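Please look over the sequence and the structure shown here.

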Amino acid sequence: MFKKILIANRGEIAVRVIRACREMGIRTVAVYSDVDRAALHVRKSDEAYPIGPAPASDSYLRMDKILDVAKRSGAEAIHPGYGFLSENAKFAQACADAGVKFIGPTPHSMNLMGSKTSARQQMEKAGVPFVPGTSRGLASADEGEQVAERIGYPVMLKAAAGGGGKGMRLVHTRQELRSSLESAQSEAQRSFGDSEVYIEKAIVNPRHIEMQVLADEHGNTVWLGERECSIQRRHQKVLEEAPSPIVDPDMRRRMGEVAVKVAQAANYTNAGTVEFLVDQQKNFYFLEMNTRLQVEHPVTELTTGLDLVHLQIRIASGEKLPFKQSDVAIRGHAIECRIYAEDPDNNYFPSPGKITVLLQPSGPGIRRDSGMYEGWNVPMDYDPLLAKLIGYGTDRQQAIMRLERALYEYFVAGIKTNISLFQRILCDADFQAGKLDTGYLDRLLAKGNQAVASNAPEKERATLEMIAAIAAGMFTVLDPASAASKDKEGNTTGPAADPSNWKQKGRSEGLR
Amino acid sequence: MVYEIIVGVKVHRLELERAAGGWECRLDGQRVHIDAVIPRRDVLSLLVEGHAYEIKREQTATDLHMWVGSTRFAVELRDPRSLRSRQHAAGDEKGPRKILAPMPGRVVRLLVAENSEVEAGQGIIVVEAMKMQNEIKSPKKGVVKKISATPGAAVNPGDVLAIVE
C-alpha cells in the first residue's frame, strides 16, 4: 500500500480524498494556487505546496509543477479527483514516466474513452447500443449541416474532449447550426484545449442514467448500480439519486452488463462511469464513459455500503477487488444536492465572495462533503461547486424527508447559493413521483418563483413576517456593533469596525 | 426604542422595551412578551409566548434580509421622518439605464458596439466567472450610449459595464 499520496485537485473532492487517505493511514500532499492558500484542502492535508497563480491553466492544470511536487515530497501516487487533469491521458502517461502511480485508468483506456468520438468508434465494434450521429469530429459547418439533415433535427453538438456541459449545444434548426458550432468549438478550445466537436441526434426529453463500474488490474470488473442524473441545468447536473425511480432489477442488470462490456472493451481499470441516455420507452443508449471518480459517487457509496475512494486506492496499489458481482447489493435510497455558489434570484449567475455565516446540517441519514467554511473567500476562478449534501433513507420518501429537514438547517450568507432550488425540487409533485427527464429543471424554473412564495400558507407567512420585523429590531438592539458594516469592496468588517449606520440609527432611535 | 421596519412592502412600527425576563414588544400596536438571545453572530433565537424561532441575518452591500426558517424577508430599518423621500424609480422605461456587473468576473467580449440599437433582453457583454460565460443582457430597448467594459478586464459586482438609453 502507498505511504503518501498527492491530491491534484482542490475543493470538496480534495478534502474527500484526503479523508480517505487519513482513514487508511496514508499521508497526504495537497497542491494549491495563489488564491487557495487558505482553502480547506490545504488545511486538512499533511503537506501542501504552492503550484502557481489562480488561473487553472497556470496551477491545477500544470502537469510539470504537480509532478515536481510529487517528486519533492516523495508521493508514490496521485489522485486526480474530477475535472482538471483527471481525464487527461497525457498526465496519466507523464505520471507513469515519472514513476508515480496515477489513481485511475491507464492512458490507453483514457485516450480511447476520453475522446467521445473514438469511444463511439470502439463501442460500435463492441456492439454497444448508441445514439445516431458522427463518430468523428466535424470538418466543417457544411458537413455538420449535411449530417444534421440526414439524422434529423434537433441535433446535439458536443465537444469530443468535453464534459460538464462545456462545448455542448442543442440545435433545433439549420439556421442555428453554424453559429452554435462556432461557439461550441471556441468554448471547447478554451475549456479543453481541443476544438473537436461532433454531432448526435438529440433524443427529446431523455433521462440521463449512468452506471458505476469498478475494475481491478487483474481482469475483474463489476457494476455497482445506476445513478439517475436527469436533473440538470445547462447540461450541468444539479441533483442525483440512486437508485433511479424507473430502473427495476432486470433493467439494472442489463445496463450493468453493458457497462461492464464497455469497460472491458477499453481494458478499463479503476473506477469509471458509463453514461446512458434513456428514452421514454426505457431503451438505453451508450453516451460516453467518464474515466474518473464522479462528483455524485456518494449516492452509490451509500446504497452499496462501499467506499469508492478506498477501493480506487487499493486497486491502484495492485490489490484485487475484495468482492464479487454477486456480493453487490443495493440497499435504501440516496439523493445528492450539489450546493453551488450561484444566485437563484439572478438567473443562477455565479456568486463568488466571502462566506460570512455558515450553519451546516448533520444528523441521521445526512452526509455532507464540503470544501467551504465560514470566513472563507470563494474564489471566482474555479467551478462553483461548494459542497454536496446527501440524504440517505430506507426508501426514496425517507431520503427526501431527511434532505428537506437538512436543507432547512443549512444556511449560507455572504454569497448566494442554490439551496432554495432544492427546497423547490424536493416538494415538487413531478419530482416526488419520479417523473424526470433532462428538461425537468428548465420546466420547473419556467414556472417562476410562485412555488416558493406559496410554500407557507398566507396566515403563517404573515406571522413569519411579524417575526422578521421583531428580529430586525432585536438584532439592532442586542448586537448593533456587528450589524455588518460594509467597506467599498462589499466585504463585511468585524465587530470592532467603525460604527455602522445601523448603530447610529439605533442610537438616534434610542435617544428619542 | 421605536423602529419603523419595512418587511417586503409593508411598514411596521416596532416598540421595544426591556422587561422582566425579556422584552416588552409592541408591533403595530399589538403587545407581546418576547425573549431574545444571540447565540452566535447573525443568528437570533427568539421566543414569542412559547414559540421558538431561529432567525438568520444576511446583509449584502445593498440589502438586509431576515431568514425565518427557510423563508427570506427583505427588511429595511427606516427613519420615520424620511418616509416620503424614498420612492423607488425602478422599472422606469424612460431615461438611461446602467448595466451592472452582477458578480465578480472577467469581461470576455463585447457583443455590440457603442451607439448600436438593441432590443430588450439582447446580449450586450459576456462576463466569465467560475468557468461559466454569462451574457449580460440589455434591460430595455434603446441605444447603447456607452460601454465602459473592456475585454480581459476584471470586474466587481456593481461595476457599470454599459449604459443603454
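Apart from its neighbours within four places in sequence, B:Pro151 is in contact with B:Val107, B:Val108, B:Arg109 and B:Leu110, where contact means that the C-beta atoms of two residues, placed from the backbone, lie within 7 Å. B:Pro151 sits in the loop that runs between strand S14 (142-147) and strand S15 (154-155) of chain B. This residue is exposed, because 11 other C-beta atoms lie within 10 Å of its own; a residue counts as exposed with 12 or fewer such atoms, as buried with 20 or more, and as partly exposed in between.

This is a predicted model, in which local features need pLDDT of at least 70 and side-chain atom pairs count only at pLDDT 80 or more, while totals for chains, interfaces and linings use all residues. Residues are numbered from 1 along each chain as its sequence is written, and chains are lettered from A and ligands numbered from 1 in the order in which they are written.

A residue of the other chain, A:Trp223, lies in strand S10 of chain A and counts as buried, because it has 21 C-beta neighbours inside 10 Å. Leaving aside neighbours within four places in sequence, A:Trp223 is in contact with A:Met211, A:Gln212, A:Val213, A:Gly256, A:Ala259 and A:Val260. The table sets out two C-alpha to C-alpha separations.

| Pair | Apart in sequence | Apart in space |
|---|---|---|
| B:Pro151 and B:Arg41 | 110 residues | 40 Å |
| A:Trp223 and A:Glu336 | 113 residues | 20 Å |

Chain A contains 18 helices and 22 strands, which are DSSP runs (H or I of at least four residues for helices, E of at least two for strands) numbered from the N terminus. Of its 512 residues, 51% count as buried, and its C-alpha atoms fill a box of roughly 85 × 55 × 50 Å along the principal axes. Chain B, by comparison, has 0 helices and 16 strands, and buried residues make up 28% of its 165 residues.

Where do the two chains meet? The contact takes 39 residues from chain A and 45 residues from chain B. On the side of chain A that touches chain B, strand S16 (349-350), strand S22 (411-413), helix H17 (458-478) and helix H18 (501-511) each supply at least two residues, and H17(A) gives the most, with 15 residues.

Within chain A, the axes of helix H6 (residues 116-126) and helix H9 (residues 249-265) come within 10 Å and cross at roughly 115 degrees, the axes being lines fitted to C-alpha atoms over the stretch in contact, with angles running from 0 to 180 degrees between N-to-C directions. That makes H6(A) roughly perpendicular to H9(A), a term for angles of 65 to 115 degrees, whereas those under 35 count as roughly parallel, those over 145 as roughly antiparallel and the rest as oblique. In this pair, A:Gln122, A:Met123 and A:Ala126 of H6(A) meet A:Lys261, A:Val262 and A:Ala265 of H9(A).

Another helix of chain A, H13 (residues 419-427), has A:Leu421, A:Phe422, A:Gln423 and A:Ile425 as its buried residues. The elements against which these buried residues of H13(A) pack include strand S10 (221-233), strand S11 (236-242) and helix H12 (396-409) of chain A.
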